[in-house]
Amino acid sequence: MPKRTRFTTWRPLATAATAALLATLLTPVAAQAAPRGSEPVHSYEDAIREAVWVDTGLDGDRDGKPDRVAVDIVRPRETARQGRKVPVIMDASPYYSCCGRGNESQKKTYDAQGRVAQMPLYYDNYFVPRGYAFVGVDLAGTNRSDGCVDVGGRSDIQSAKAVVDWLNGRAKAYTSRTGTTRAQAGWTNGRTGMIGKSWDGTIANGVAATGVKGLKTIVPISAISSWYDYYFQQGAPLYDSGPAWLSDYVDSPDARAKCAAVQQKLVDGAPRTGDRTPLWTERDYVKAARKVKASVFLVHGMQDLNVRMKHVGPWWDALAKNGVERKIWLSQTGHVDPFDFRRGAWVETLHRWFDHELMGIDNGIDREPMADIERAPGRWDTSRVWPPSGTRTATLRPGRGTQDGVGTLGLHRGHGTASFTDDPERSETDWAARIDEPTSEKAGFTTRTLTRDLRLSGSSEVTVTATPSTPTAHLSAVLVDLGPATIRDYADAGEGITTLTNRTCWGPSTPADSSCFKETKAKTADVGYTVVSRGWADLGNHASDHKGSPLTPGKRYTITLDLAATDHVVPKGHRLALIVAGTDQGLIDPPADKPRLTLDLSRTSARVPFTGGAAAFARATTGAATATPDVTLLDGVREPRTTHRVPEASQ
């Protein structure tokens with residue numbers, strides 16, 4: 001398809017009659033100035049609060065009736081009185097009753113008439129006074145909705161898509177869960193933006209991938225783009241869990257009683273073998289990126305070990321390939337909402353984004369840099385496009401060093417071998433801390449000390465040729481910045497933030513719904529190394545990403561591990577390291593055996609995207625030979641936690 005410009009040219013939203021009326025009311029100077037932003041001119045306290053139940057057209061709980069999903073709405077009363085239609089900001093979530101939303105785990109509450117009294121988060125408080133409606137959708141099988149949770153599948157996505165269809169006059173809704181009185185959405189112009197963190201943002205990705213008309217933009221925060229990549233990577237199980245457990249975690253009591261068949265399908269369709277089954281194909285939104293018509297404002301933590309950065313690279317690249325308008329923020333945090341790591345700038349930027357995308361206000365956000373990248377806690381850089389212009393892939397080669405397992409990393413092909421034995425009790429933090437020691441559980445390779453800064457931006461890949469000693473083997477590949485730094489402590493319980501006691505307010509409040517939220521500050525750690533990017537694979541998947549097979553001990557295999565996207569500057573005076581090892585404790589499950597693996601260094605390499613490509617790498621690593629480092633234990637963050645994770649918080 002022809003490549004589109006980054007942002008569309010908006011048509012005026014006012015009718016000719018409205019424009020004529022405005023022209024008579026404005027002074028000549030004011031009449032010439034376009035609006036720069038929506039203003040809080042509507043009463044939040046007097047807003048219309050209502051609930052409707054939208055017919056999804058599915059019968060997931062098999063009770064013989066179409067499933068209806070509950071939709072709680074807060075919208076300006078003044079625009080309704082004036083007959084003016086408003087755009088919609090929508091968050092479709094499984095968490096409104098079971099688990100809560102945001103840093104303070106807020107849940108929906110209701111008044112005596114069943115109308116939403118507290119809508120979690122600040123979206124309604126802030127945006128309804130500015131002329132938006134806010135819509136909170138209970139996914140099928142959760143809270144007040146019918147149906148079953150199917151963890152990113154047809155039911156989940158249709159739960160939200162049906163609401164977009166209803167907002168645009170293409171679906172039916174009712175004023176109660178079981179009644180026959182129809183509800184109309186005549187108060188909206190149908191222009192909808194979806195937002196949400198984690199599972200909520202994942203639903204936004206999935207609905208956008210249907211190409212549904214009326215969805216104009218999505219803001220996925222720490223969101224999944226392919227559910228297979230949430231549970232596996234190239235056959236390697238990421239942790240001991242599965243979609244059936246997650247479905248049960250959020251199911252309403254009613255759904256638990258009715259949805260055993262759906263639960264069993266999730267068990268049967270997601271074997272822990274790591275094979276790609278039809279269940280995973282259905283939940284891969286990247287493959288449907290060609291259908292996306294909505295613009296995308298993507299936010300992710302580069303140290304998110306729950307919904308990992310692997311969900312960013314393929315999705316971002318697929319959107320770019322299909323000409324989708326995009327914007328991105330990448331933080332140093334783990335699984336954290338931007339409201340909690342950059343609050344003021346975030347609310348202002350989100351406001352301008354929705355004004356531009358949903359109200360058609362020419363506020364200049366389309367002419368600003370595409371990317372904001374956090375370089376140090378609270379310090380941000382921008383890039384006009386992302387990855388930045390001039391980014392090219394360099395092929396780095398590991399080589400033997402003076403000690404076994406302590407090798408070199410450069411542009412010239414290496415020779416010989418390096419060996420390690422999988423130790424499931426060791427993790428990337430152990431490997432990096434002992435990078436200059438010949439430990440038995442990893443093979444490490446380092447560059448010379450850099451003579452100038454070197455920027456990595458985008459997704460890397462590591463091709464490994466390895467000979468295993470056992471029929472099963474898992475591999476990890478890690479890029480590490482070796483050198484002192486102060487970073488956000490993403491391994492802490494707050495994943496890079498500390499929650500304070502004082503509050504700031506973002507819009508009006510009611511007695512039942514406060515707009516005031518606890519402030520946060522950066523939780524930092526002084527470290528001697530920083531893990532930049534990670535990737536994992538089951539060596540049994542060497543011939544196919546879709547199905548693994550047993551290995552023949554003593555036979556050589558080649559596999560390419562996909563490393564997660566990132567944007568990181570390795571400073572002058574630091575070194576860049578590549579580590580190849582087995583089980584990354586806490587991040588992937590171990591294989592059935594404890595193999596010893598021997599790497600053929602002449603057939604092992606890393607393809608890394610640098611600003612300036614191989615030439616920039618060569619310049620940064622040219623200079624006097626690096627002195628042999630003192631063998632000291634480098635400080636880093638604590639080991640990753642191994643508790644059950646869900647795509648909301650690392651609980």
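Modeller: At 54% relative accessibility, Arg290 counts as exposed, because exposed means over 50%. The model is a predicted one.

Colleague: How many disulfides does the structure hold, and in what pattern?

Modeller: A disulfide is a covalent bond between the sulfur atoms of two cysteines. With bonded cysteines counted along the chain, the pattern is 1-2, 3-4, 5-6. The number of disulfides is 3.

Colleague: Is the disulfide of Cys98 and Cys99 left-handed or right-handed?

Modeller: The sulfur atoms of Cys98 and Cys99 are 2.0 Å apart. The torsion about their S-S bond is about -90°, so this disulfide is left-handed.

Colleague: How many residues apart are Cys148 and Cys259?

Modeller: Cys148 and Cys259 form a disulfide with their sulfur atoms 1.9 Å apart. This pair links distant parts of the chain: Cys148 is in the loop between strand E6 (133-138) and helix H5 (154-167), and Cys259 is in the loop between helix H9 (253-258) and helix H10 (260-269). The two cysteines are separated by 111 residues.

Colleague: What is the relative accessibility of Cys259?

Modeller: The link of Cys148 and Cys259 is left-handed, with -85° about the S-S bond. Cys148 is buried, with a relative accessible area of 2%. Cys259 also counts as buried, and its relative accessibility is 3%.

Colleague: Which strands hold Cys505 and Cys516?

Modeller: The sulfur atoms of Cys505 and Cys516 are 1.9 Å apart, and the two residues form a disulfide. The pair links distant parts of the chain, 11 residues apart. Cys505 is in strand E23 (residues 497-505), and Cys516 is in strand E24 (residues 516-522).

Colleague: Is the disulfide of Cys505 and Cys516 left-handed or right-handed?

Modeller: Cys505 is partly exposed at a relative accessible area of 46%, whereas Cys516 counts as buried at 19%. The torsion about their S-S bond is about 100°, so the disulfide is right-handed.

Technical notes
Residues are numbered from 1 along each chain as its sequence is written. This is a predicted model: local features need pLDDT of at least 70, side-chain atom pairs count only at pLDDT 80 or more; totals for chains, interfaces and linings use all residues. Side-chain values use heavy atoms; hydrogens and water are left out. Buried means under 20% relative accessible area, exposed over 50%, partly exposed in between (1.4 Å probe, protein chains only). A disulfide is a pair of cysteine sulfur atoms within 2.5 Å. Helices (H or I, at least four residues) and strands (E, at least two) are DSSP runs, numbered from the N terminus.
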